[in-house]
Amino acid sequence: QVQLVESGGGLVQAGGSLRVSCAFSGRTDSLRTVGWFRQAPGKEREFVARVWSGGSLYYADSVKDRFTISRDNAKNTVELQMNSLKPEDTAVYYCAASGLFVAGDRSAYDSWGQGTQVTVSS
């Protein structure tokens with residue numbers, strides 16, 4: 001079992017930057033993928049980015065070139081640096097983990113954090 005705790009959400013103006021973090025604990029040696037998803041009001045939860053234990057990165061087209069995901073295996077943390085934020089980035093951001101090497105299929109992730117709110121004002 002892996003526990004995930006997000007932090008760092010908040011309110012920012014359009015064009016600004018924000019960083020959210022995910023601290024994971026428990027059976028971390030079994031983790032292969034840690035990812036970020038987001039869910040806006042009235043919409044389905046969607047994939048944002050993921051990082052594999054070996055360092056491979058993958059992004060949704062909507063955030064590519066604006067967001068950067070990074071993983072620190074020594075500290076058991078994954079961060080999502082978000083730049084050039086847009087109002088449509090407003091959502092609750094969730095950290096998720098899988099024991100497999102997966103991409104954007106949310107059903108492949110079996111551990112989830114509680115989420116952190118990111119609000120981008122226009």
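In strand β8 of this predicted model, V78 is the bridge partner of R71. The strands β7 and β8 run antiparallel and are joined by six bridges.

**Sheet**
- An open sheet is formed by four strands in the order β1-β3-β8-β7, with antiparallel pairing.
- The edge positions are taken by β1 (2-7) and β7 (67-72); each has a single partner strand, so one side of each is left without a neighbour in the sheet.
- On average, and with direction ignored, neighbouring strands of this sheet are turned by 15° against each other.
- Strand β8, the partner of β7 in the six bridges, spans residues 77-82.

**Disulfide**
- The structure contains one disulfide, which links C22 and C95 at an S to S distance of 2.1 Å.
- C22 belongs to strand β3 (residues 18-26) and C95 to strand β9 (residues 91-98), so the pair ties together parts that are 73 residues apart in sequence.
- The S-S torsion of C22 and C95 is about -75°, and the disulfide is therefore left-handed.
- Both C22 and C95 are buried.

- When residues up to four places away in sequence are not counted, S122 touches A14 and P87.
- S122 and P87 are separated by 35 residues in sequence, and their C-alpha atoms are 6.0 Å apart in space.

Conventions: Residues numbered from 1 in each chain as written. Predicted model: local features only at pLDDT ≥ 70, side-chain atom pairs only at ≥ 80, totals over all residues. Heavy atoms only, no water. Pairing = 2+ DSSP bridges. Helix = DSSP H or I, 4+ residues; strand = E, 2+ residues; numbered from the N terminus. Axes fitted to C-alpha atoms, helices over the stretch in contact; angles between N-to-C directions. Contact = heavy atoms within 4.5 Å. Disulfide = S-S within 2.5 Å. Buried < 20%, exposed > 50% of the residue type's maximum accessible area, 1.4 Å probe, protein only.
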